[in-house]
Amino acid sequence: MTPRPLPKQNEINRLNKAFTEFYHDLCVQNGISDSVFDIFYAIAALGDGCCQRDICDYAFTSKQTIHSAIHKLEKEGLLRFASGKGREMHIYLTPAGGQFMKEKIAPVIAMENEVISQMPPDETDFLLRLTAKYLDCLRRQSSQLFNTVQKKDGI
């Protein structure tokens with residue numbers, strides 16, 4: 001028999017999915033894809049001139065998805081590339097990309113900042129600590145689970 005999620009675990013999963021849906025709906029309302037939102041949001045956080053690898057790491061999105069979206073945005077005139085060390089390419093906003101950022105991404109960041117500013121700092125700190133702790137525990141537990149499954153399967 002498959003175990004059922006405990007009520008609190010069920011609510012955590014439900015809220016995670018609600019966040020994902022919320023941001024997806026924002027993208028739909030803005031007429032952009034989730035990956036385009038992730039790229040511009042990452043550039044806003046990391047700074048103009050960041051690398052594709054940094055965007056992938058920041059957005060927890062696959063290299064292929066980000067690579068395809070970035071090259072599409074380059075063809076649309078929103079991003080440009082400049083060579084860095086080795087094969088590293090730095091990504092910069094074009095003037096059109098800066099305008100896109102101002103119209104599509106900056107209002108979302110301003111909304112998020114406003115919401116955070118309405119919460120007491122000790123609550124946001126506590127939320128961040130607990131969320132990070134929960135994720136760390138999940139990662140450790142999944143590592144143990146994966147190792148157990150491999151040993152059981154003789155891998």
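Modeller: Here is a walk through that core, and then out to the chain around it. Keep in mind that this is a predicted model. The largest nonpolar core has 26 residues, and the ones with the most contacts inside it are Ile39, Phe40, Ile43, Ile55, Ile70, Leu79 and Ile105. As for where the core residues come from, at least two each are supplied by α1 (7-30), α2 (34-46), α3 (52-59), α4 (63-75), β2 (79-83) and α5 (95-117). The largest share belongs to α2, which puts in seven residues. In soluble globular proteins, nonpolar side chains do tend to be buried together.

Zoom in on Ile39 for a moment. Setting aside neighbours within four places in sequence, Ile39 is in contact with Ile55, Ile66, Ala69, Ile70, Leu73 and Leu79. Among those partners, Ile55, Ile70 and Leu79 are also on the list of residues with the most contacts inside the core.

Now step back to the whole chain. You'll find six helices and three strands, running α-α-β-α-α-β-β-α-α along the sequence. The radius of gyration is 19 Å, well over the 15 Å the globule rule gives for 155 residues, so the chain is more spread out than a compact globule. Its C-alpha trace spans about 55 × 45 × 30 Å along the principal axes. Of the 155 residues, 24% count as buried. And if you take contacts between residues at least 6 apart in sequence, 48% of them join residues at least 24 apart.

Notes:
Residues numbered from 1 in each chain as written. Predicted model: local features only at pLDDT ≥ 70, side-chain atom pairs only at ≥ 80, totals over all residues. Heavy atoms only, no water. Core = buried A, V, L, I, M, F, W, Y, C linked by side-chain atoms within 4.5 Å. Buried < 20%, exposed > 50% of the residue type's maximum accessible area, 1.4 Å probe, protein only. Helix = DSSP H or I, 4+ residues; strand = E, 2+ residues; numbered from the N terminus. Contact = heavy atoms within 4.5 Å. Rg over C-alpha atoms; globule rule 2.2 N^0.38 Å.
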